[in-house]
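Thanks, everyone. I'll keep this brief. Have a look at the structure, and then we'll go through the sheet and the domains.

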Amino acid sequence: MNNFKFQNPTKIIFGKGQIASLKDELPQDANILLLYGGGSIKRNGIYDQVISALGDRRVEEFGGIPANPEYAKLMEALAVIKARDITYILAVGGGSVIDGAKFLSAAALYEGDEPWDILTNNISTTKGMPFATVLTLPATGSEMNSGSVITRAETKEKLVMGGPGLFPAFSILDPEVIHSIPQRQLANGITDAFTHVLEQYMTYPMGAYLQDRLSESILQTLIEVAPKVMEDPTDYTAASNFMWSCTMALNGLISKGVPTDWAVHMMGHELTALYGIDHARTLAVIAPSHYTYNFEAKKEKLAQYGERVWNITEGSTEEKARAAIQRTEQFFHELGIDTKLSQYTDDYEGTAEEVAKRFTERGWKGLGEHQSLNPEDARKIVEMAY
Ligand code: NZQ
Ligand code: ZN
């Protein structure tokens, strides 16, 4: 096991009816920016619960944060923060709204001229404006981590930022918010969380028994609850296990002491930036090709995953590993998720070259757990995913 430090300061408030606890958790004297997305919270009752818990605090609202939070829109919100002396951000939404709040938290205290530099220059945020979240869509884990992914339509880019100053102060996780989530987003959430675990697990054996079993247990739980959540989002047992699995998949715990990959996400982000494909679906497109392409380097963990998570017990290490990739792709299909790029766009020719070109321009010469996946490898993987 590698050496590690682990600190996660986010307080989690989990359970039915817990949105009301905003009343006790938010500082009384804060000037709050209530940040939300396209309006689902106004239709499903979450907005009303939040407003009633806020009481007589000073609150400014900013809605319209789109899926894949857009830089230009966030710059409008930043202007409101500055004009209205906002001191605290409350994000009510899924990963996009929460990531948007993280960008604003960093940008509000950023001293440079152009906040986009935070993303292009990899500036880590050590102190941001305080913020908290009410999670409405289990998927990204953003509610308990310090990472954020921001999109800029103008340049068709989707880049990552973060830093120890960007953990939410607290996050409210009420599994009942799942009732109103459309099937497509439920499937996305399951797929995204599942792939988050794979990115931190599907590397090489490290002798980190507990981390492996924590990862495997999250995968098994997601597999168990997936059909139940899709069938009946009001099934509280399924919903609560789904929600907590998504948070645990990316709150930093399972990656401690082990190598991590994340190349699937880096390639996937380009597909969203280029074609607007839902984040989770880009992962389902890339992951099978990525594991097939890097088969030799990953086959021990693939076989272990096949055995422990999918009960694939017959055959050699190679056979179990191959079957595990197939079973994973089948799982995505069972969720109604297509796993080939050509199923999302007719315009896919040239995508692999474009991804490789972007990686080269950014100097991303060595991704993955061995820092060895170069732009040419990315080109081949994306091409395999056509
Ligand atoms: O915008 P509204 O109207 O609220 O509708 C949203 C949106 O259309 C809807 N929705 C959310 N909660 C709902 C609901 N509809 C009905 N009932 C509810 N309770 O769902 C749609 C998608 O929302 P979004 O926030 O975009 O989805 P998700 O949570 O999957 O977030 C995706 C974003 O997170 C980034 C992705 O790249 C993408 O931009 N990621 C962030 C990560 C992180 N910060 O750690 C890690 C991830 O790998 C990911 O990259
Ligand atoms: Zn993801």
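In what order do the six strands of the open sheet come? The order is 1-8-5-4-2-3. The pairing is parallel. One caution before going on: this is a predicted model.

Now the edges. Strand 1, residues 11-14, stands at an edge, and so does strand 3, residues 58-62. Each has a single partner strand, so one side of each is left without a neighbour in the sheet. As for the twist, the average is 20° from one strand to the next.

Next, one pair inside that order. Strand 4 covers residues 88-93, and strand 5 covers residues 131-135. The two run parallel, joined by five bridges. Take Gly93 as an example: its bridge partner in strand 5 is Leu135.

On to the domains. The domain assignment gives two entries here: domain 1 spans 11-176, and domain 2 spans 183-384. How far apart are the centres of domain 1 and domain 2? Taken over C-alpha atoms, they are separated by 26 Å.

And the contact between them? Domain 1 puts in 17 residues, which are in contact with 23 residues of domain 2. Which elements give two or more residues to the side of domain 1 that touches domain 2? They are strand 6, residues 147-152, and strand 7, residues 157-162.

Methods: Residues are numbered from 1 along each chain as its sequence is written. Chains are lettered from A and ligands numbered from 1 in the order in which they are written. This is a predicted model: local features need pLDDT of at least 70, side-chain atom pairs count only at pLDDT 80 or more; totals for chains, interfaces and linings use all residues. Two strands pair if DSSP finds at least two bridges between them. Helices (H or I, at least four residues) and strands (E, at least two) are DSSP runs, numbered from the N terminus. Axes are lines fitted to C-alpha atoms, for helices over the stretch in contact, and angles run from 0 to 180 degrees between N-to-C directions. Domain bounds come from an automatic or database domain assignment. Two residues are in contact if their C-beta atoms, placed from the backbone, lie within 7 Å.
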